[in-house]
Amino acid sequence: LSLERAFVKVLRARLGGIAEAAEEGGLDSKALQQARDAIRAKEEKEKAAAQQKAQADAEAARLKAAEEERLLKVAEARRLKGEGNDAFKGKDLAGAERLYAQALALLAHGACPEEAALVYSNRALVRIQEGRYAEAEADCTAGIAANKEWAKAHHRRGVARMHLGRLEEGLADLEQAMKLEPESTTTLDEIRKVKRMQQQRRQQQQQQQRPFRF
């Protein structure tokens with residue numbers, strides 16, 4: 001870029017001489033205009049290159065700042081999740097839910113989908129403990145959308161749906177959790193529980209369908 005500036009200066013110096021010569025009749029106006037056009041084109045090219053560099057530098061700075069902000073939010077969300085876990089262990093369900101909600105607010109807009117899946121799943125467990133099964137199901141669904149490989153989200157949605165009486169859907173969720181975490185005895189126990197409930201429901205339906213005898 002410095003060489004280009006030097007070249008422009010030389011052209012300008014020469015142009016000054018060309019203009020003087022043209023005035024004296026030693027150079028026609030066409031040659032003078034061509035020299036001026038060359039200088040103008042060089043200046044415009046240099047200006048465009050400087051603008052592009054400035055825009056690229058500004059975008060790089062913006063992206064860096066955005067990434068730093070994202071990392072800070074994720075770190076704070078993890079801290080809040082940890083406090084929520086401690087509250088849950090201490091039987092403070094309301095406190096745990098509040099802390100998980102604060103963590104999720106920081107993880108909005110895809111800041112860290114894997115971390116969001118953990119927090120949604122944890123809040124779902126709180127809501128299951130409180131008997132708020134529809135809300136727990138919604139949390140698990142959001143967690144699965146963030147990370148479909150998170151087994152606990154499938155497990156807890158299966159449990160929530162089981163309590164909502166949607167046994168087939170619950171069983172499908174639990175079986176998916178089992179695929180993702182084959183060693184989970186807790187999931188296996190829930191699968192057996194749902195199957196017993198299905199059997200009981202079928203028996204009740206059969207009894208209701210029997211003709212009434214006088």
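Predicted model: local features only at pLDDT ≥ 70, side-chain atom pairs only at ≥ 80, totals over all residues.
Tutor: Local features need pLDDT of at least 70, side-chain atom pairs count only at pLDDT 80 or more, and totals for chains, interfaces and linings use all residues. Residues are numbered from 1 along each chain, and side-chain values use heavy atoms, without hydrogens and water.

Student: Why are α2 and α3 called roughly antiparallel?

Tutor: Helix α2 (residues 29-89) and helix α3 (residues 93-106) pack at about 170°, with axes 8 Å apart. Angles over 145 degrees count as roughly antiparallel. So α2 and α3 are roughly antiparallel.

Student: What makes K73 in α2 part of the contact with α3?

Tutor: Contact means heavy atoms within 4.5 Å. K73 is among the α2 residues that meet α3, where L93 and G95 are among the partners.

Student: What makes α3 roughly antiparallel to α4?

Tutor: The axes of α3 and helix α4 (residues 113-129) come within 10 Å and cross at roughly 155°. That angle makes α3 roughly antiparallel to α4.

Student: Why does C112 count as buried?

Tutor: Buried means under 20% relative accessible area, exposed over 50%, and partly exposed in between, with a 1.4 Å probe and protein chains only. C112 has 12% relative accessibility, so C112 counts as buried.

Student: Why is C140 called buried?

Tutor: The relative accessible area of C140 is 0%, so C140 is buried.

Student: How many disulfides are there?

Tutor: A disulfide is a pair of cysteine sulfur atoms within 2.5 Å. By this rule the count is zero.

How values were computed: Axes fitted to C-alpha atoms, helices over the stretch in contact; angles between N-to-C directions. Helix = DSSP H or I, 4+ residues; strand = E, 2+ residues; numbered from the N terminus. Parallel < 35°, antiparallel > 145°, perpendicular 65-115°, else oblique.
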